[in-house]
Amino acid sequence: MSAFNAIGEEREIDRDEFTPGVEPQPTWCPGCGDFGVLKALKQALPEVGKTPEEVLTVTGIGCSGKLNSYLDTYGFHTIHGRSLPVARAAKLANPELEVIAAGGDGDGYGIGGNHFIHSARENHDMTYIVFNNEIFGLTKGQTSPTSPKGHKSKTQPSGSAKTPIRPLSMSLNAGASYVARTAAVNPNQAKEIIKEAIEHDGFAHIDFLTQCPTWNKDARQYVPYVDVQESDDYDFDVTDRAEAAEMMRETEDVLNEGTVLTGRYYVDEDRPSYQQEKHAVGEMPDQPLAERYFDDDAEWERSYDLLERHT
Ligand SMILES: Cc1ncc(C[n+]2csc(CCOP(=O)(O)OP(=O)(O)O)c2C)c(N)n1
Ligand code: SF4
Ligand SMILES: [Mg+2]
């Protein structure tokens, strides 16, 4: 079965298919919120009818970046902050592929922040999951762009003097057409939000609150949380940009005061994706780039041929 003829295949899919034979047990610390993302993905993918062969998971560097070692799809573990450019290129080369980019808050909102803004602006069709544990986990707990003001760490021993980034507002302002926040402690909501994000045509950003009990002990474990869609206290229209912006601001304001609001915040089904915009100006080839160099019978010969022509 090749990467091309597997796409669109109709068959029963079992959640266990997404558990790799090699390294099936994650090395994350006990109680790490990253388990919640993995679990929600393993549940969501079969429910939206995706087989492992139809999905590419592209990750950055961090504890979060290990995701694609534990999820049996095609995978690309990139460098720090660079999951999005790789994910974009893969999607453009093979638009049939279901592309999921993932990484940490340091990875996506810090070193890779520029890629985040422009991927949202251009509305690339993919799901982008940011594991937000409000610190650099892998490198042992330094302050990150989402650490609350006053947060003490090895790099800011007297407490951070910086105001944290507003990931939801930033995403909306940059142009993401789907923006949500969920939490590892809320697996049912997380699964539903991941399913929606995958099925959304355009840049779908999920800020996923993932507790780090090892290096961010001061942080609450994001409980209790409130689902803004289910709570009677909140009533806003996710298709209305101004209402979504107001709800996002409130959500970001109250997080560090102890109120964890989650849910979907903004959904724009009408905005064309980057591929659609490229088609409209005649810049997307009819035959995907990836298929042009692929031949079931002579795959390797064609690859050598391609390499020779480019050296
Ligand atoms: C260019 C570059 N700079 C710095 C590092 C060191 N580094 C590895 S992971 C990391 C931060 C990870 O934090 P985050 O992205 O929030 O992921 P987490 O581990 O919390 O999931 C840093 C600074 C690196 N690998 N590459
Ligand atoms: S250091 Fe924190 S983020 Fe990393 S695996 Fe452990 S609990 Fe998870
Ligand atoms: Mg982090």
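Here is a walk through this structure, from the overall fold down to one helix.

The model is predicted, so local features need pLDDT of at least 70 and side-chain atom pairs count only at pLDDT 80 or more, while totals for chains, interfaces and linings use all residues. Residues are numbered from 1 along each chain as its sequence is written, and side-chain values use heavy atoms, with hydrogens and water left out.

Let's start with the whole thing. The protein has 11 helices and 10 strands, counted as DSSP runs (H or I, at least four residues, for helices; E, at least two, for strands) and numbered from the N terminus. Its C-alpha trace spans about 60 × 40 × 40 Å along the principal axes. For 311 residues, a compact globule would have a radius of gyration near 19 Å, and the protein's 20 Å agrees with that; the radius is taken over C-alpha atoms, and the rule is 2.2 Å times the number of residues to the power 0.38.

Inside, 53% of the 311 residues are buried, meaning under 20% relative accessible area with a 1.4 Å probe, protein chains only. Of the contacts (heavy atoms within 4.5 Å) with a separation of 6 or more, 71% link residues 24 or more positions apart.

Now zoom in on helix 6, residues 167–174. Six of its eight residues are buried, so the helix is largely enclosed by the rest of the structure. Those six are Pro 167, Leu 168, Ser 169, Ser 171, Leu 172 and Ala 174. Their cover includes helix 4 (105–111), helix 5 (113–122) and helix 8 (241–255), along with strand 7 (178–183), strand 8 (203–209) and strand 10 (260–267). Just after helix 6, Gly 175 takes a positive phi of about 125°.

Terms used
Chains lettered and ligands numbered in written order. Buried < 20%, exposed > 50% of the residue type's maximum accessible area, 1.4 Å probe, protein only.
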